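The following note sets out numbered points on the model shown below. Please read each point alongside the sequence and the coordinates.

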Amino acid sequence: MTVLDEQTIAQLVEDDRAHLLHSQHYAPQHEQPLIFESGKGVWLTDVRGRSYIDGLSSLWNVAVGHGREELAEAAATQMRKVAFANGYNGFSNVPAIQLATKVVDLCYDNMEALFFTNSGGESNEGAFKMARFYWNLQGRHDKVKLISRPRSYHGSTLATASMTGLPPFWKYFGPLMPNISHTAPPSNPESADEPNTDGETAEWLEEAILREGPETVAAFIAEPVKGAGGIFTPSDDYFPHIREICDKYEVLLIVDEVITGFGRTGKWFALEHWGVQPDIVSIAKAITSAYIPMGAFIVSDKIAETMKNLPADAKFMHGYTNSAHPTAAAVGLRNLQIMEDEDLVGNADRMGQRLGEKLHAAFDGHPHVTNIRRLGLMAGISIVKDAGTGEAYDVAEGHGAKVMAHMRDEGSVIPRIINDELLMAPPLVVNAEEIDQIVGAAEAAVRAVTGD
Ligand SMILES: Cc1ncc(COP(=O)(O)O)c(C=O)c1O
């Protein structure tokens, strides 16, 4: 760890503000950026030497925790052999072949092959193109539309921002991509299904498919747990019913496991909770624990079969220079080995249960907290004006932001706040004491901000 002096920090802040455009850039909220310098386990340390629990795994990313020498070694070893080589058709490399085989093996039984990307957004965009490609090969040339959901987050490319069901991601970027639409509450809200924690049911999809015309719909995309939209968990009957609806109307089910893939929910892949198999799976983040960017979309045996027998005029003209990157793949392989050796999926399940129990003990019956939801190591609570009626605070009053600031400054925990939803998703290596610190910081912050 290197602690920097105040003059150096001031210069860094000035240069950052002058020259670095950040994700979700907004200068007024970047006057005093927290500049990280190092990390170990669930802890991140800033340039002043102050440490914080990384309560959202640095954007749901760093599954095995910070500062893993094994991953640095894996990257260095591969870089010394060959850091990068062309992976286009006709060329390959050893770690990429091994990682593809490993991931397909860990994923749902019906998964067969994958295409490597560099990010979650590229995975989702590729998954959508794959769905169109597949239907075109079946002679179903009208099946071009994609249906997505409100409160979903799928990325920031033009197509994935259009899939994303969060309007702030659309503002000033329009027009959005055509042929992408979102589910909405059905005209008859009397639904037989148990609703998800944000109120959505599978009927929303059925009505959207009928509205668009089933013969025009290529695919439906959904996160098993809506993440950046506020951690909203599904009811147990939601995904089984979604699978039935997709089968009924011949719509491919793309599951966006960019957050939930590789153990986050206490299973390797989240639809295992409900015994459902999708057609395409998007992954990124925890495949390398973000030590190097990497992602993929994985396709079922049915789609893989089509890809093995392409007609002469149907080359899959989709590609990225850095796809199947050898160094990223070597890091991915070592990362998955750590997850297996240390049973991090089991730890996510056990620590997730503790997180849930502690949250309920802290907030059940609290006058300003409602909708406590969790799956594995993903948990969210809603901070509201009146938990009895569910009446929300005016978001402009900034209760969520104040809770976040209190947790960071007084509790040494960095969670995520989306409006007044407080989100927690620590690295899968988190231990019981650290879970208790996260919940303790949340409890103290909510008390300080709401007065109760
Ligand atoms: C569910 C989900 N899909 C896709 C993405 C986009 O991933 P990336 O930022 O790597 O493009 C994210 C990012 O947080 C995500 O949470």
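1. F262 lies in the loop between strand 8 (252-256) and strand 9 (280-283); helices (H or I, at least four residues) and strands (E, at least two) are DSSP runs numbered from the N terminus. Although F262 is not a glycine, its phi is positive, at about 65°. F262 counts as buried because its relative accessible area is 1%, where buried means under 20% relative accessible area, exposed over 50%, and partly exposed in between (1.4 Å probe, protein chains only).

2. The model is predicted, with local features requiring pLDDT of at least 70 and side-chain atom pairs counted only at pLDDT 80 or more, while totals for chains, interfaces and linings use all residues. Residues are numbered from 1 along each chain as its sequence is written, and side-chain values use heavy atoms, with hydrogens and water left out.

3. A positive phi also occurs at S412, about 55°, and S412 is not a glycine. S412 is found in the loop between helix 12 (399-411) and strand 13. With a relative accessible area of 16%, S412 is buried.

4. Strand 13 runs parallel to strand 3 (residues 51-54), and 2 bridges join them. Within this pairing, I53 has V413 of strand 13 as its bridge partner.

5. Which residues of strand 5 (residues 145-148) are buried on each side? K145 and I147 are buried on one side and L146 and S148 on the other, so that both faces of the strand are covered. In a regular strand the side chains alternate between the two faces of the sheet. Strand 5 pairs in the parallel sense with strand 7 (residues 217-222) over 3 bridges, and also in the parallel sense with strand 6 over 3 bridges. L146 stands opposite A219 in strand 7 and opposite I180 in strand 6.

6. H182 is placed in strand 6 and is buried, with a relative accessible area of 18%. Leaving aside residues up to four places away in sequence, H182 touches S148, R149, P150, S162, M163, T164, G165, W170 and R211, contact meaning heavy atoms within 4.5 Å. One of these residues, S162, is 20 residues from H182 along the chain, and their C-alpha atoms are separated by 9.3 Å.

7. The peptide bond from G174 to P175 is cis, with omega near 0°. P175 is in the loop between helix 6 and strand 6. L176 lies in the loop between helix 6 (158-163) and strand 6 (180-182) and is partly exposed, at a relative accessible area of 30%. L158, L176 and M177 make a nonpolar surface patch of about 220 Å². Patches are made of residues with over 30% relative accessible area and no salt bridge, like charges being joined within 9 Å and nonpolar side chains (Val, Leu, Ile, Met, Phe, Trp, Tyr) within 5 Å; accessible areas come from the Shrake-Rupley method with a 1.4 Å probe, and for residues only the protein chains shown count as cover.

8. The count of salt bridges comes to 19, a salt bridge being a side-chain nitrogen of Lys or Arg within 4 Å of a carboxyl oxygen of Asp or Glu. Among them, R211 and E212 meet at 3.7 Å, N to O; R211 is partly exposed at 47%, and E212 is partly exposed at 21%. D343 and R350 form another, with the closest N and O atoms 3.4 Å apart. A salt bridge also joins E391 to K385, at 4.0 Å between the closest N and O atoms. R151, D198, E200 and K226 are linked in a network of salt bridges.

9. How is the protein divided into domains? The domain assignment gives domain 1 (34-64 + 343-450) and domain 2 (70-341), with bounds that come from an automatic or database domain assignment. The contact takes 30 residues from domain 1 and 30 residues from domain 2. Taken over C-alpha atoms, the centres of domain 1 and domain 2 are separated by 27 Å.

Conventions
Pairing = 2+ DSSP bridges.
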